[in-house]
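This report walks through selected features of one structure. Please keep the sequence and the 3D view open while reading.

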Amino acid sequence: MADGYVFSTEALSVGYKGKALINDINIRLEKGKILALIGPNGAGKSTILKTVTGQLPSISGKTFIEGRELEKWPRGELAKKLAVVLTERIQPEMMSCFEVAAMGRYPYTGRFGALTANDKAIVWDTLRRVRADDIAERDFSQISDGQRQRVLLARALCQQPEVLVLDEPTSFLDIRNKIELLDIMLETAREKRTTVILSLHEIDLAEKLSDLVMCVRGDRAEEPDAPEKVFTDAHIRELYSITQGSYLVSRGSVELVRTEGEPRVFVLGGAGSGLNHYRELQKRRIPFAAGMLSENDMEFEVAKALAQTVVSFPAFGTASEETKARAIQEMLSCGTVLTAFDPGKQKDNPNTGLLETARQHHVNIVFSAGELQ
Amino acid sequence: MTKQLTAFRAALVFALLGIAFVAILVLNVNTGSVSIAPKEILRIVLSGKSDGSSIGNVIWKIRLPRLLAAAVLGGALSVSGFLLQTFFRNPIAGPYVLGISSGAKLFVGVMMVYVLKYVSSVPFWAVMAAAFGGSMLVTLFVLMFARRVRSMAALLVIGIMIGSVCTAITDFFITFADEANVANLHHWSMGSFSAVSWPNLHVISAIVFVALALSFLLSKPISAYRLGENYARSMGVNVKLFRVALIGLSSVLSACVTALSGPISFVGVAVPHMTKLLFGTSRPSLIIPGSFLLGGVFCMGCDLIARTAFAPSELAISTVTAVFGAPVVIALMISRQRRRTDG
């Protein structure tokens, strides 16, 4: 480990049957760091992970574990440094969860694979860590997806690796299992100083978990970078080629496709009061406009994603006369106003004046999307 | 605590298998057209050779070799089946089901029909070699087709097809062969432990026990292979070498059986499955010796039925093993199917 990296690749090319799909992959990871691979389906995340774990031969370039080339490690020694959790579903016959997890001791046990007291202690300890000790005696083929993933993670951790590679470990898991699984990984990386490389579909989780993020996009892989650099709305939209709907990084939320057409209602929101109304209008496929919102309002991004037009003013400023005029014009052309904010409680809401104007012009005023036909 | 329970269960099952083995052995020696008192049997067997009396001859020349052949070959078939199930990761795999026995039969048959034209008798090593060649070839064929087949049913169909083709070719040769040779071949291909001689038994036993020992040495990688090829590789198993060893050993074992007694049906699938149920685990270090013992017990029992059920007529051993083995295979298919639709 002369260069100080526990895991690294050097101009690695990966692909199938001698044909390179992704070239020039350069990763350098220090001990205890977490790298997440993100990118659309079929972009090559699995191909990269299979190659760096030796399941698939590389096309060219090298992978290093502790500074030593992957191919140059003796099998048994490599298994003590590198462990995997794969996407494939395994169906072992009559194997208890304890047995599955204990297979992780393989590189350490003798000729017949008998477990020593120390091995058993490690397996139990690991099962407790992934909170699967209660199902240790159950048959592996008869537990839930979430439990299965914990046991497979325990198996990998029993190898006591320096580098842990997981291919989409959170797929098919419910939200609670996702959170707990990623929490175990964070704990492993921080406390055991294990380096973790994983591919994730949930980019909101990737952002919160990882130290470094690598975007994989079919023909190339970007340099791994800090999450705050990678996760910008524009970058994510471009990476996943999102042309309809949107992904809002700051909120970690997915918004569906906005309803096209002449806006039929003008939503007066602010301070988050409009959020539910925007979504309700979207579900009913009613095109709408929104205003006036400060650009740092918590609902601004969602309004922008779902509304035809948003009348907004700069953050920390106030609405100019020109902005007000634009909002009134927009409101009158809609013909209907949806009052989302509470005029009684939100006295300083800039839309208080607009509501007054609406009353004066006898604009139809409603308080929910349900009142519209 | 549960760990100790498993160890206790394993010890108990081994003890029961041992008792069953001895019991069926004694029962088998005792049963037949001449019945002999157990005390007498013990004396004659312990004396180490026939004392020249007619009872001694019945025991040493007829019953014992046949019995031991059933025990060793039954064990060999079961372990061969277990290795194939590991290889294909499919509980339905076995030398008979996959057509491997038929392949061995084809090679032995063709050799018998043709070589007997030129020499008066075929040396046993040649039968052995032909059986091994046939087993290997069919296994490689199955392998070629089964490469991308995950489904149990598809593998079964491939095996049946290959087995049918082998049988068809064997029949073709038989049609054009001398009648005397055909009779010889027909008797052999029905499957029977009756024509076993001591020297052949010695040779086969030696090979079987070496193969068994080597299989037992593989129990650690077999154990890892239960999680699939990729996990096994990631834990340090040399997968290529391991696969070659599995195929080689299972072919040697099933070739031994076919060479000595002809193809025997379903033992290779039924016995490993029953063994797993008995031990309540699929741990290879238990299942390999366990299914060897149970296979011996199973085949000795089936041979006893074959000999006595319609005495003085004798049934083919496959007739009996099929009656007990085929239902196990069907049950296996159904329970697997159910689990898949559940999951």
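The model is predicted. In helix 10 of chain A, the buried residues are Leu275(A), His277(A), Tyr278(A), Leu281(A) and Gln282(A). Their cover includes strand 13, strand 14, helix 11 (300-306) and strand 16 of chain A. Helix 10 spans residues 275-283. It lies across strand 13 (265-268), strand 14 (288-294) and strand 16 of chain A. Its angle to strand 14 of chain A is about 165 degrees.

After helix 10 of chain A comes Arg285(A). Its phi is positive, near 55 degrees. Most residues other than glycine have a negative phi.

## The five-stranded sheet

In chain A, 5 strands form an open sheet in the order 15-14-13-16-17, with parallel pairing. The edges are strand 15 (309-313) and strand 17 (364-366) of chain A, each pairing on one side only. From one strand to the next, the twist averages 20 degrees.

Strand 16 (residues 336-339) and strand 17 of chain A pair in the parallel sense over 3 bridges. Leu338(A) has Val366(A), in strand 17 of chain A, as its bridge partner.

## Domains and the chain interface

The domain assignment divides chain A into domain 1 (7-244) and domain 2 (254-371). The C-alpha centres of these two domains of chain A lie 45 Å apart.

Chain B contributes 30 residues to the contact with chain A, and chain A contributes 33 residues. About 2900 Å² is buried between chain B and chain A. Carbon and sulfur atoms give 55% of that area. The interface of chain B and chain A holds 3 salt bridges. Glu99(A) also forms a salt bridge with Arg283(B), with the closest N and O atoms 3.8 Å apart.

## Salt bridges within chain A

Side chains of opposite charge can pair when their charged atoms come close. Over all chains, the whole structure has 21 salt bridges. Glu162(A) and Lys31(A) meet in a salt bridge, at 2.6 Å from N to O. Glu162(A) lies in the loop between helix 5 (145-158) and strand 8 (163-167) of chain A, and Lys31(A) lies in the loop between strand 3 (28-29) and strand 4 (34-38) of chain A, so the pair ties together parts that are 131 residues apart in sequence. Lys31(A) is partly exposed, at 31% relative accessible area.

Arg190(A) forms a salt bridge with Asp211(A), where the closest N and O atoms are 2.9 Å apart. Arg190(A) sits in helix 6 (residues 175-191) of chain A and Asp211(A) in the loop between helix 7 (203-209) and strand 10 (212-215) of chain A, so this pair ties together parts that are 21 residues apart in sequence. Arg190(A) is partly exposed at 41% relative accessibility. Asp211(A) is partly exposed, with a relative accessible area of 24%. Salt bridges that share partners join Arg131(A), Arg150(A), Arg176(A) and Glu180(A) into one network.

## Lys62(A) and Glu69(A)

Lys62(A) belongs to strand 5 (residues 60-65) of chain A. It is partly exposed, with a relative accessible area of 35%. Not counting residues up to four places away in sequence, Lys62(A) touches Ser8(A), Thr9(A), Glu10(A), Leu12(A) and Glu69(A). Gly4(A) is 58 residues from Lys62(A) in sequence. Their C-alpha atoms are 17 Å apart in space.

The side chain of Glu69(A) meets that of Lys72(A) in a salt bridge, at 3.4 Å from N to O. Lys72(A) counts as exposed because its relative accessibility is 56%, over the 50% cut-off.

## Positive phi in two loops

Met94(A) has a positive phi near 45 degrees and is not a glycine. It lies in the loop between strand 7 (82-85) and helix 3 (97-102) of chain A. At 18% relative accessibility, Met94(A) counts as buried.

Arg131(A), also not a glycine, has a positive phi of about 55 degrees. Its place is in the loop between helix 4 (117-129) and helix 5 of chain A. Arg131(A) is partly exposed, with a relative accessible area of 39%.

Note on methods: Residues numbered from 1 in each chain as written. Chains lettered and ligands numbered in written order. Predicted model: local features only at pLDDT ≥ 70, side-chain atom pairs only at ≥ 80, totals over all residues. Heavy atoms only, no water. Helix = DSSP H or I, 4+ residues; strand = E, 2+ residues; numbered from the N terminus. Buried < 20%, exposed > 50% of the residue type's maximum accessible area, 1.4 Å probe, protein only. Contact = heavy atoms within 4.5 Å. Domains from an automatic or database assignment. Pairing = 2+ DSSP bridges. Axes fitted to C-alpha atoms, helices over the stretch in contact; angles between N-to-C directions. Buried area = accessible area lost by both parts, 1.4 Å probe. Salt bridge = Lys/Arg side-chain N within 4 Å of Asp/Glu carboxyl O.
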